[in-house]
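Please keep the sequence and the structure in view while reading the points below.

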Amino acid sequence: MADRHYIDSSQLQGETEKQEWGYVEGVEWGLLYPEANGQYQSPININSREALYDPSLLEVQLCPNYVVCRDCDVINDGHVVQILLKSKSVLTGGPLPRSHEYELHEARFHWGKENQRGSEHTVNFKAFPMELHLIHWNSTLYRNIEEAVGQVHGIAIIALFVQIGKEHAALKAITDILEDIQYKGKSKTVPCFNPNTLLPASAPGHCHPVCPFLSDPLLRDYWVYEGSLTMPPCSEGVTWILFRYPLTVSQTQIEEFRRLRMHVKGADLDDESDGILADNFRPTQPLSDRIIRAAFQ
């Protein structure tokens with residue numbers, strides 16, 4: 001297994017191209033990162049009526065075979081919250097190339113200042129207050145995530161919309177420590193975290209002996225399309241898998257994210273900035289000639 005370490009998105013470009021960027025209106029990422037001008041950029045709006053039902057997606061069912069992670073690092077990098085997952089969890093099946101394994105590297109959260117916005121993707125132009133990304137790299141073809149970025153079949157990202165409702169019990173392990181990483185550059189180690197709890201799941205039981213999620217109807221319905229990273233360098237070659245059914249967190253839990261800061265402690269802020277880390281989502285990009293496939297009718 002490759003060494004697990006924190007990757008700032010600018011590191012994926014190499015030290016010589018490191019640039020400061022942010023979610024500020026009027027800042028054109030394409031001027032700093034040429035790949036952001038590509039034809040197949042993410043996120044996009046999912047028009048559910050125009051999605052093409054593809055029964056081949058069900059021939060080999062999507063299988064997130066995740067294992068419990070010990071000593072996970074939770075990081076505020078000034079752009080998003082990351083959970084670095086050190087255990088070897090893999091994703092196979094569905095739209096991914098047959099017999100290829102994609103290793104789970106991290107989870108990332110994007111959210112809005114208000115409940116009416118926050119997700120990167122939209123469904124029929126409806127935004128959710130938060131979106132969670134589970135970022136995987138193809139460990140069958142590549143040696144590490146840096147090598148996989150921007151390559152054919154290099155990256156697969158599971159996206160989950162998040163709605164407001166009852167408390168998400170498993171995510172409490174993360175939201176309870178967010179006050180400890182309030183400022184940019186802060187991190188906290190969580191002794192134990194199960195990435196399976198970040199997937200939509202109905203009642204426990206009826207587990208498949210190889211992949212415990214094969215029998216769960218909430219994991220059968222998803223959309224898939226080819227796109228890019230949604231943060232610089234915005235490299236393409238990303239297979240996006242967007243689950244139809246959202247996760248649920250409480251209003252209290254999402255407010256913990258909205259208390260985070262995008263700056264280091266003690267930094268001088270511009271007059272126009274309140275320093276709050278939120279609205280950290282990229283606007284939807286043109287679909288161009290891409291087809292959105294659906295694993296359900």
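What covers the buried residues of α4? The cover includes the strands β5 (81–84), β7 (102–111), β9, β10 and β14, together with the helix α3 (172–175). The model discussed here is a predicted one, and the points that follow begin with the chain as a whole before turning to particular elements.

**The chain as a whole**

- The chain has 297 residues, of which 52% count as buried.
- Its secondary structure comes to four helices and 15 strands.
- Among the contacts in the chain with a separation of 6 or more, 71% are between residues 24 or more positions apart.
- The accessible surface of the chain comes to about 13,600 Å², and carbon and sulfur atoms account for 50% of that surface.

**Helix α4**

- Helix α4 spans residues 251–258, and its buried residues are Gln253, Ile254, Phe257 and Arg258.
- Seen down the axis of α4, these buried residues fall within an arc of 150°, so they line one face of the helix.
- Strands β10 and β14, which are described below, are among the elements that cover the buried residues of α4.

**Strand β10 and its partners**

- Strand β10 covers residues 155–164, and eight of its 10 residues are buried, so this strand is largely enclosed by the rest of the structure.
- With strand β9 (residues 130–138), β10 pairs in the antiparallel sense over eight bridges.
- With strand β13 (residues 236–243), β10 runs parallel, and five bridges join the two.
- With strand β14 (residues 247–249), β10 also runs parallel, and three bridges connect this pair.
- Isoleucine 157 of β10 stands opposite isoleucine 135, and it also stands opposite tryptophan 240 in β13.
- Valine 162 has leucine 247 in β14 as its bridge partner.
- As a general point, the side chains of a regular strand alternate between the two faces of the sheet.

**Cis peptide bonds**

- Serine 42 and proline 43 are joined by a cis peptide bond, with omega at about 5°.
- Proline 43 lies in the loop between α1 (29–32) and β1 (45–46).
- The peptide bond from proline 232 to proline 233 is also cis, and its omega is near 15°.
- Proline 233 is placed in the loop between β12 (222–228) and β13, and β13 is one of the strands joined to β10.

- Asparagine 124 is found in the loop between β8 (122–123) and β9, and its phi is near 50°, a positive value in a residue other than glycine.
- Phenylalanine 125 is found in the loop between β8 and β9 as well, and its phi is positive at about 70° although this residue is not a glycine.
- Is the side of the chain at phenylalanine 125 buried or exposed? Phenylalanine 125 is exposed, because its relative accessible area of 70% is over the 50% cut-off.
- Asparagine 124 counts as partly exposed, because its relative accessibility of 38% lies between the 20% and 50% cut-offs.

Methods:
Residues are numbered from 1 along each chain as its sequence is written. This is a predicted model: local features need pLDDT of at least 70, side-chain atom pairs count only at pLDDT 80 or more; totals for chains, interfaces and linings use all residues. Side-chain values use heavy atoms; hydrogens and water are left out. Buried means under 20% relative accessible area, exposed over 50%, partly exposed in between (1.4 Å probe, protein chains only). Two strands pair if DSSP finds at least two bridges between them. The arc is that of the directions from the helix axis to the C-beta atoms. Contact means heavy atoms within 4.5 Å. Accessible areas come from the Shrake-Rupley method with a 1.4 Å probe; for residues, only the protein chains shown count as cover.
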